[in-house]
Amino acid sequence: MRNLGCIFILVCVLLSSCSHDEQCTIPVDPIEYPCHAEYARIFHPGEMQHGRVAGLKNCRPFVASAVSGFKVIDTTDFDFFGLQITTYEDWGNFFANKEILIINSFATGIGSWPLLPDISEQLRYQTYQVMQDHDVFEDLYYIDTSYAFNIIHITAIDTAAKYAEGWFECRFILDLSQPSGRNPDTVLFSQCYFEAEMP
């Protein structure tokens with residue numbers, strides 16, 4: 001009889017925890033979706049003296065050095081925001097450039113901004129380059145204009161302190177004119193959070 005009383009009290013507590021007007025939900029683990037991206041190599045992030053990026057590169061954990069820039073363009077009503085991300089190969093006595101990712105947007109401050117479309121093959125606002133032997137191109141990528149989420153989101157920016165933070169997502173397609181065969185045809189940078197100084 002005592003057990004029946006305890007069960008009755010427990011049921012009453014559970015039923016009274018949500019009113020009829022409230023929707024009670026039971027917390028569940030987030031759904032994890034499988035990654036179907038091609039394998040992408042991960043390189044050394046360097047010393048990250050002026051900033052860092054942490055996110056995913058083709059669904060693999062990715063960390064890199066970062067530096068940002070913010071410039072008012074006098075001839076337009078827009079401000080120009082750019083981010084350069086670099087990874088390295090550790091050669092023992094110094095870090096050799098391995099990946100250089102450059103993304104740019106017309107941004108007027110905090111908020112989400114689309115990445116700029118390239119004007120021509122000679123004037124590209126977004127590039128991703130993989131280097132070989134520090135200064136020779138291994139592979140060159142261009143922004144995938146068919147991808148709807150090429151975006152940079154600025155959460156904080158201080159032009160006086162020369163500092164910015166936020167996140168970005170973008171997808172790049174390999175230039176197939178001279179592929180090395182060592183890198184995937186498509187590279188997706190997602191959930192990439194940055195904190196970067198403006199030199």
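User: Leaving aside its neighbours within four places in sequence, which residues is I110 in contact with?

Analyst: I110 is in contact with I154, T155, A156 and I157, where contact means heavy atoms within 4.5 Å. Before we go on, this is a predicted model, in which local features need pLDDT of at least 70 and side-chain atom pairs count only at pLDDT 80 or more, while totals for chains, interfaces and linings use all residues. Residues are numbered from 1 along each chain as its sequence is written, and side-chain values use heavy atoms, with hydrogens and water left out.

User: Thanks! Where does I110 lie, and is it buried or exposed?

Analyst: I110 lies in the loop between β4 and β5 (111-114). It is exposed, with a relative accessible area of 58%. The cut-offs are under 20% for buried, over 50% for exposed and partly exposed in between, with a 1.4 Å probe and protein chains only.

User: And how far is I110 from E165, C-alpha to C-alpha?

Analyst: Their C-alpha atoms are separated by 9.6 Å, with the two residues 55 apart along the chain.

User: Let's zoom out. How many helices and strands are there?

Analyst: The protein has 1 helix and 10 strands, and from the N terminus on they run α-β-β-β-β-β-β-β-β-β-β. These are DSSP runs numbered from the N terminus: helices are H or I with at least four residues, strands are E with at least two.

User: What share of the residues is buried?

Analyst: Of the 199 residues, 34% count as buried. As for contacts with a separation of 6 or more, 55% are between residues 24 or more positions apart.

User: How many residues does the largest nonpolar core have?

Analyst: It has 29 residues, and those with the most contacts inside it are I85, I103, I152, F168, F172, F189 and F194. Several strands each supply at least two residues of this core, including β2 (60-72), β3 (79-90), β4 (95-106) and β10 (186-197). A nonpolar core here is a set of buried Ala, Val, Leu, Ile, Met, Phe, Trp, Tyr and Cys residues joined through side-chain atoms within 4.5 Å.

User: Pick I103. What is it in contact with, neighbours within four places aside?

Analyst: Among its contacts are F81, L83, L115, Y125, I152, F168, C170 and F172.

User: How do β3 and β4 run, and how many bridges join them?

Analyst: They run antiparallel, joined by 11 bridges; strands pair if DSSP finds at least two bridges between them. F81 stands opposite S105 in β4. The hairpin of β3 and β4 has 4 residues between the strands, and G92 takes a positive phi near 90° there.
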